[in-house]
Amino acid sequence: MNLFGMLEISGSGMTAERQRAQVVVGNMANAQTTHTPEGGPYKRQLAVFRSERQHTFPAMSLAVAGGFAADRSHATEGVRVSRVVPDQKPPTLRYDPGNPDADAKGYVAYPSIDPVEEMTDLLGAVRAYELNASAVQAAKGMIQQSMEILK
């Protein structure tokens, strides 16, 4: 793998982690939403990651790899969010007879969202984003050092 491939992989990881963080923030924002347009309480969303082939920078890869980049066998792997799926946990029932969304027994269905779990997921996404950013910086430094050597 060339240094530009490292940038592509880390860049795809940063994009995926940003999307994951957005999903988590949406969950936190809707933790008390008892009524959605689809009916019922908000359902917690989960980001599903998937590996995928990355298309390399054609001009740079050809110059760096000596023309081998056109061969698909030299493509790099990356990550992306393939889909966002609803969590299958049942809603949490709370007794609140004054709420307009209460059922005949006075219970309201709230989303089964645990703030501690969401914060843990958010911190995980932030840390993974930071690690990918550090990898980008390291690759950038190696590219700069390579250019100095070639002078």
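Let me start with alanine 109, whose place is in strand β4, where helices (H or I, at least four residues) and strands (E, at least two) are DSSP runs numbered from the N terminus. This is a predicted model, in which local features need a pLDDT of at least 70 and side-chain atom pairs count only at pLDDT 80 or more, whereas totals for chains, interfaces and linings use all residues. Residues are numbered from 1 along each chain as its sequence is written, and side-chain values use heavy atoms, with hydrogens and water left out.

On confidence, pLDDT being the predictor's confidence in each residue, from 0 to 100, the protein chain averages 87, and 84% of the residues score at least 70. The lowest confidence in the chain falls in helix α2 (residues 58-65), with a mean of 50, while the highest, 96, belongs to strand β4 (residues 107-110).

Staying with alanine 109, its C-alpha atom is separated by 8.8 Å from that of histidine 35, although the two residues are 74 residues apart along the chain. If we leave aside residues up to four places away in sequence, alanine 109 touches Thr34, Pro41, Pro91, Thr92 and Leu93, contact meaning heavy atoms within 4.5 Å.

Strand β3 (residues 92-95) pairs with β4 in the antiparallel sense over four bridges, two strands being paired if DSSP finds at least two bridges between them. Within that pairing, threonine 92 has tyrosine 110 as its bridge partner in β4.

Tyrosine 107, also in strand β4, is partly exposed, at a relative accessible area of 35%. Together with Leu93 and Tyr95, Tyr107 makes a nonpolar surface patch of about 350 Å². Such patches are made of residues with over 30% relative accessible area and no salt bridge, like charges being joined within 9 Å and nonpolar side chains (Val, Leu, Ile, Met, Phe, Trp, Tyr) within 5 Å.

Let me turn to the charged pairs. The structure holds eight salt bridges, each being a side-chain nitrogen of Lys or Arg within 4 Å of a carboxyl oxygen of Asp or Glu. One of them joins arginine 20 and glutamate 17, at 3.0 Å from N to O, and both residues lie in helix α1 (residues 3-29), three residues apart, about one turn of the helix. Arginine 20 is partly exposed at 22% relative accessibility, whereas glutamate 17 is buried at 9%.

Arginine 44 forms a salt bridge with aspartate 87, with 3.4 Å between the closest N and O atoms. Because arginine 44 lies in the loop between α1 and β1 (45-54) and aspartate 87 in the loop between β2 (76-86) and β3, this pair ties together parts that are 43 residues apart in sequence. Both arginine 44 and aspartate 87 are buried.

Arginine 80 and glutamate 52 also meet in a salt bridge, at 2.8 Å from N to O. With arginine 80 in strand β2 and glutamate 52 in strand β1, the pair ties together parts that are 28 residues apart in sequence. Finally, salt bridges that share partners join Arg44, Asp87, Lys89, Glu117, Glu118 and Asp121 into one network.

Key. Accessible areas come from the Shrake-Rupley method with a 1.4 Å probe; for residues, only the protein chains shown count as cover. Buried means under 20% relative accessible area, exposed over 50%, partly exposed in between (1.4 Å probe, protein chains only).
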